[in-house]
Amino acid sequence: MNLDLIYSRPAKTAAQLATKSIDHHRFLAKKVLLTGEPEILNTLNGRECFLNAFALLIRICPNIRIHIPAGCEDLGVVSKTFVKRIAFGGGVEHFDHVDDLGSFDAILSVGTAVKPGLPWTTINSNGWLARVSSGTRSLPADVAMDNPVGALAAASLGVGEVFKRLIKLKPERGEMLDGFSFSLRSYRAGETDCGPPLPSSLDVDLLLVGGGAIGNGTVRLLSQLQCRGRIDVVDAQTYAEENLGTCLLMGTADLGESKAKMLASHLQAPGLQVESFGMTFEQYARQTRRAPVVVLNGLDNIPGRHQVQRTIWPDVVVDGAIGDFTCQVSRHPWPDDIACLICLFREPAGPPVEKIQMQATGLSLDSLLRPDDLLSASDVDRASDEKQEFLRARLGKPICSVIQEGIALKLSVDEQQKGFEPSVPFTACFSACMVVAEMVAHIMKWPSVLAPRFQFDFLTGPQYGQELPQQRRAGCVCLRHKNIERARLARKTNAGDVPEINETGEPTAA
């Protein structure tokens with residue numbers, strides 16, 4: 001097992017903070033203690049905070065010590081089974097007692113008390129409230145309203161605090177949170193209202209697109225919400241070692257497994273039909289012709305988001321998005337005058353096509369303007385030196401086919417050089433918490449403040465987050481209301497060819 005590859009994404013994320021932290025290059029060698037207080041650990045919220053915290057910690061630190069206090073024997077059994085399933089690297093140990101708390105670089109406790117003289121962070125949750133304190137202020141002890149969404153959000157905030165300690169983040173980039181609470185209903189800091197209770201069961205007709213880091217957090221929560229109905233999971237990829245560094249549910253036994261199939265296995269429950277589709281979204285849409293009421297996105301690219309929106313036009317799409325430390329949720333209900341995914345996520349303007357073709361083939365502009373001609377020796381002689389060998393092997397071929405080959409080769413090389421995008425698991429899981437919170441609100445017909453998105457920087461904290469309203473953009477396909485309604489009706493009734501709305505807003509055969 002290649003630990004450098006496993007931790008490549010968190011390490012790359014930390015490296016971006018080279019001027020804003022002291023130990024960005026040494027954080028993987030540090031040691032973390034996970035512990036808690038019996039009064040909180042013996043509650044459902046406390047247990048979920050603890051297990052989620054471990055599942056996140058192992059993905060940013062290979063050296064974890066676990067101390068479960070006396071009186072929490074049930075959690076001890078569950079914890080050891082849980083750790084055995086997802087731990088990797090061999091650096092995790094359970095201890096009955098800990099003598100030297102000062103030997104740890106960070107301590108994460110599920111409880112209420114804080115210890116300012118130590119690198120200590122405390123977390124707990126109550127309902128839709130996630131709480132964390134890394135300073136002098138203790139946390140409230142009321143944790144009676146069970147809610148897995150708040151528990152995972154608290155664990156994500158707590159592990160984010162641990163990450164700050166491990167890299168020794170400079171205060172000007174982001175300060176530690178002290179006596180902090182955040183509501184996943186109001187998106188406000190300092191809230192004391194834990195929000196409405198979860199229903200005893202949730203009737204769903206869902207499609208989850210994307211089985212990466214956000215998809216893992218989403219499925220972790222869906223599996224705890226007593227869902228009834230149907231959930232489809234779509235992802236064409238399989239899990240590789242680098243996914244261990246970001247995907248909450250993944251263990252080494254999942255290496256090489258279909259992402260869709262693995263996540264679907266966590267959702268199996270009485271009264272719930274779960275199907276996995278190890279294929280692209282385009283293939284899924286053509287094969288199933290389904291019209292799910294709610295779509296949850298865990299995608300990492302703009303074209304994928306556009307395709308989901310254009311193809312299905314569900315009652316609502318809830319989209320999770322992350323950057324290196326940026327965390328976002330957006331909600332796109334139909335037919336409200338709120339920006340759709342195509343309005344919100346726009347591709348940056350690229351260079352002129354001729355410039356891309358010249359970079360890919362080395363051909364001169366004069367040669368490129370004669371695409372139907374056969375490639376000649378004079379074309380090769382006028383080309384850039386580094387591309388002439390590539391071109392000589394294609395003498396006599398139509399210039400248009402040479403251009404296509406050159407572009408394909410360039411895309412392949414660019415993808416290999418791109419490497420893995422920076423990512424940390426706690427950011428993805430907090431985004432998943434907001435996605436599921438919005439899903440529940442939609443199904444329960446609770447009001448939402450999003451129109452369409454909330455975004456924040458994880459290092460500064462959600463208290464500095466912004467609600468970013470946006471109406472439909474002029475010229476966007478979502479303004480073609482009649483065409484979209486026809487496409488929605490055709491998909492719901494499965495009547496003939498199910499159309500997709502193209503870039504101009506016209507229906508086309510899917």
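Which side chains meet in a salt bridge at 2.9 Å, N to O? I looked this up first. The side chains of Glu 48 and Arg 220 do.

**Ground rules**

I am working with a predicted model, where local features need pLDDT of at least 70, side-chain atom pairs count only at pLDDT 80 or more, and totals for chains, interfaces and linings use all residues. Residues are numbered from 1 along each chain as its sequence is written, and side-chain values use heavy atoms, with hydrogens and water left out.

**Entry 1: the Glu 48 pair**

I checked the term: a salt bridge is a side-chain nitrogen of Lys or Arg within 4 Å of a carboxyl oxygen of Asp or Glu. Side chains of opposite charge can pair when their charged atoms come close. Next I placed the two partners. Glu 48 lies in helix H4 and Arg 220 in helix H7 (residues 213-222), so the pair ties together parts 172 residues apart in sequence. Helices (H or I, at least four residues) and strands (E, at least two) are DSSP runs, numbered from the N terminus.

My cut-offs are under 20% relative accessible area for buried, over 50% for exposed, and partly exposed in between (1.4 Å probe, protein chains only).

**Entry 2: other salt bridges**

I noted 26 salt bridges in the structure. One of them joins the side chains of Arg 370 and Asp 373 (3.0 Å, N to O). Arg 370 is partly exposed at 24%, and Asp 373 is partly exposed at 34%. Lys 397 forms a salt bridge with Glu 405, and their closest N and O atoms are 3.3 Å apart. Lys 397 is partly exposed at 35%. Glu 405 is partly exposed at 28%. I also found a network of salt bridges that links Asp 205, Arg 230, Asp 232, Glu 275 and Arg 290.

**Entry 3: the sheet**

In what order do the 7 strands of the open sheet stand? I read E3-E2-E1-E4-E5-E6-E7, with mixed pairing. Two strands pair if DSSP finds at least two bridges between them. Strand E3 (92-95) and strand E7 (180-183) stand at the edges with a single partner strand each, so one side of each has no neighbour in the sheet. Neighbouring strands are turned by 20 degrees against each other on average, direction ignored. Axes are lines fitted to C-alpha atoms, for helices over the stretch in contact, and angles run from 0 to 180 degrees between N-to-C directions.

I then followed strand E6 (residues 129-133). It is joined to E7 by 4 bridges, and the two run antiparallel. Leu 129 stands opposite Ser 183 in E7.

**Entry 4: helices on the sheet**

Helix H4 (residues 44-57) lies across E1, E2, E3, E4 and E5, and runs at about 170 degrees to E1. Helix H6 (residues 148-167) packs on the sheet and touches E1, E4, E5, E6 and E7. The direction of H6 makes about 170 degrees with that of E5. Contact means heavy atoms within 4.5 Å.

**Entry 5: Arg 65**

I found Arg 65 in strand E2. At 17% relative accessibility, Arg 65 counts as buried. Leaving aside neighbours within four places in sequence, Arg 65 contacts several residues, among them Lys 31, Glu 93, Phe 95 and Phe 104.
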